[in-house]
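Let's walk through this structure together, one region at a time. Keep the viewer open and follow along as we go.

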Amino acid sequence: MRLLNSKEMAEVDRETIETLGIPGIVLMENASRGVAEVVYRYTEGSSVLVVCGKGNNGGDGLAVARHLYNLGYDVEVVLTSSPENLKGDAKLNYDVVSKLPIPVHVIDSDEKLVEFYSLVKESSLIVDALFGTGLSKPLTGFYKDVVDVINNSNRTVVSVDIPSGLSGGTGEVIGPHIKADITVTFAFPKIVHVMPPACYSVGELFVVDISIPEDVPFLMGLNRFLLTADEVFFTFPEREIMSHKYTYGHVAVIGGSVGKTGAPSMAAEAVLRTGGGLSTVVVPKSLNQIFETKLTEVMSIPVNDDNKGYFGIENLDSVLEILENGKFSAVVLGPGLGNNPETYEFVRELVKECKLPMVIDADGINALSESPEVLKLKEQPIILTPHIGEFSRISKLTKDEILKEPFRSSLDFSEKFNVTVVLKSGRTVVSTPNGKTFVNVIGNPGMATAGTGDVLSGVVGALLGMGIDEEDSAKFSVFLHSLAGDLAAGELSQESLKAWDLIDFLPKAIKRIKEAETRFEKHTSPFVTSLREIVGV
Ligand SMILES: NC(=O)C1=CN([C@@H]2O[C@H](COP(=O)(O)OP(=O)(O)OC[C@H]3O[C@@H](n4cnc5c(N)ncnc54)[C@H](O)[C@@H]3O)[C@@H](O)[C@H]2O)[C@@H](O)CC1
Ligand SMILES: [K+]
């Protein structure tokens, strides 16, 4: 499903109204019925205070008040502006409400806050329809006070579209804002709903289908998506009766240095657990005995290192020869390589010469930080899997810049250097050279532990090795890896989770995705879906 920002949503609304010809009032009616449905299904209590601003978010609120009144709720409305200031669809809904026995209180200045306070106290539920996608600057003065009263009320708060005071453009918190228990948004989720820190104030998210077809943002070229089971279902190749191990690829994991033999081991194990046919670690010879002992199904090829315990430029030819003669289908470069300058030189030359699809991770990425230009010349699929620190080094952006605009930062790099980027964090963003971005909303903080990135690089390598394209490999890997993390944390606790557990839970995660593929379960409601239902696992 697409993920928009406020500006894009306003354009999609306009396009739907002007080009498709669906009147704005119809969209508002659908939107408000969706909010009323969520209130009806998912909240307790029967006395509702709907707090409305003067824009269309307030218009939604006025229509919600009418639907709840029709459903038998005890409803009162607070208007934070005089009714004369209302326009268009909001005005129309105000006129309707004013003909019904629904009390409307105009609370438009600090002098009236005492009245507002007692109205809030008398209600069991507050619908926040102050500001939506039209917020232009942080809330101050009277509006900040209104937000404070609601936040301190200890009442259930349902926000219409966006918790008022948050801007829908990024995950940034721009100022005082409502802390919602539930947010009901329209047509598509917005960045603010899923990206931290703003998403912490959204509560449970529901998306209402308000009659805007997905064709509208598609034709407008909006290409930012949520990663969902739907997005990744069909990635796996069928396991054919007459297939053999080479059908599913042979992945070379090039890595390892003294003290870092676990990283390539985990990447190589993850290859096999993800369905890769063969997995081989290519490692400094002085460390080979460790891999022989640690690994069973995974093979190892030692490369002479004169007992140094790390790769250097002198290993370039032999590694290239190994890759050429070993019937390999993909390379994972980076796990446990270490940060020796000689190793960095080896990496740079290897990336220049290697013609196989590649996943580049960790010190593999650091090695390219000074000269990422080499990536532009590559014709095979390349996926980079940096965390924020590694991405900061290679993109020359500060961590703050990346965290503020992860989609933009990652996409700019993908387009400039012609590589797929998996920008790892609690909200991993995948970007592709053809202009698409995807964000992952599953997984958990228990995965913030050493080695989980190594597992991911192996999962990505397995898929590339099976011949799956860059975009699908990156998307599926991120989703699968996080699902394994959630299943593992569910059984073991987030605290105890360690990287190897992710490998152990990959089988259950794969099964879960395959079940989702065949289940085609109907959502609880055709027009109102929770984020969990949208994600699909
Ligand atoms: N036809 C459409 O475009 C639809 C719009 N919908 C609703 O409309 C909302 C957007 O409506 P609007 O564009 O009217 O915007 P809003 O209702 O979010 O707010 C805009 C109003 O707030 C004022 N304002 C903005 N920032 C302020 C600040 N910091 N302090 C004080 N006043 C401020 C503006 O001057 C304007 O009067 C959506 O969030 C959604 O709830 C839905 O009904 C679906 C259809
Ligand atoms: K709102």
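**A guided tour of the fold**

Let's begin with strand E1 (residues 47-52): five of its six residues are buried, so E1 is largely enclosed by the rest of the structure. Here a residue is buried if 20 or more other C-beta atoms lie within 10 Å of its own, exposed if 12 or fewer, and partly exposed in between, with C-beta atoms placed from the backbone. Helices (H or I, at least four residues) and strands (E, at least two) are DSSP runs, numbered from the N terminus.

Before going further, a word on what you are looking at. This is a predicted model, in which local features need pLDDT of at least 70 and side-chain atom pairs count only at pLDDT 80 or more, while totals for chains, interfaces and linings use all residues. Residues are numbered from 1 along each chain as its sequence is written, and chains are lettered from A and ligands numbered from 1 in the order in which they are written.

Back to E1 and its partners. Six bridges link E1 to strand E2 (residues 74-79), and the two run parallel; two strands pair if DSSP finds at least two bridges between them. To find the pairing on screen, look for Val 50, which stands opposite Val 77 in E2. The chain gets from E1 to E2 by way of helix H3, in a β-α-β crossover that is right-handed. That label applies if, with the strands pointing away from the viewer, the path from the first strand over the helix to the second runs clockwise. E1 also pairs with strand E4 (residues 125-129), again in the parallel sense, over five bridges. There, Val 48 has Leu 125 of E4 as its bridge partner.

Helix H3 leads us to the ligand. H3 (56-70) and helix H2 (24-42) each supply at least two residues of the shell around ligand 1. In total, 25 residues surround ligand 1, and the closest are Gly 55, Asn 56, Asn 57, Gly 132 and Gly 134; a residue is near a molecule or strand if its C-beta atom, placed from the backbone, lies within 6 Å of it. What classes of residue make up the shell around ligand 1? The shell has ten nonpolar, ten polar and five charged residues, where Ala, Val, Leu, Ile, Met, Phe, Trp, Tyr, Cys and Pro count as nonpolar, Asp, Glu, Lys and Arg as charged, and the others, Gly among them, as polar.

Now move along the chain to strand E14 (residues 382-385). In a regular strand the side chains alternate between the two faces of the sheet. In E14, Ile 382 and Leu 384 point one way, Ile 383 and Thr 385 point the other way, and all are buried.

Next, some loops. Thr 274 sits in the loop between helix H10 (262-273) and strand E10 (278-284). Is Thr 274 buried or exposed? Thr 274 counts as buried because it has 30 C-beta neighbours inside 10 Å. Leaving aside neighbours within four places in sequence, Thr 274 is in contact with Val 459, Ala 462, Leu 463 and Leu 506; two residues are in contact if their C-beta atoms, placed from the backbone, lie within 7 Å. Thr 274 and Ile 503 are 229 residues apart in sequence, with 8.7 Å between their C-alpha atoms.

Two backbone details deserve a look. Asp 306, in the loop between strand E11 (299-303) and helix H12 (316-325), has a phi near 50°, a positive value in a residue other than glycine. Asp 306 counts as exposed because it has 11 C-beta neighbours inside 10 Å. Asn 307 lies in the loop between E11 and H12 and has a positive phi of about 65° although it is not a glycine. Elsewhere, a cis peptide bond joins Pro 196 and Pro 197, with omega about 0°.

Finally, zoom out. The chain's secondary structure comes to 21 helices and 18 strands. Buried residues make up 52% of the 537 residues in the chain.
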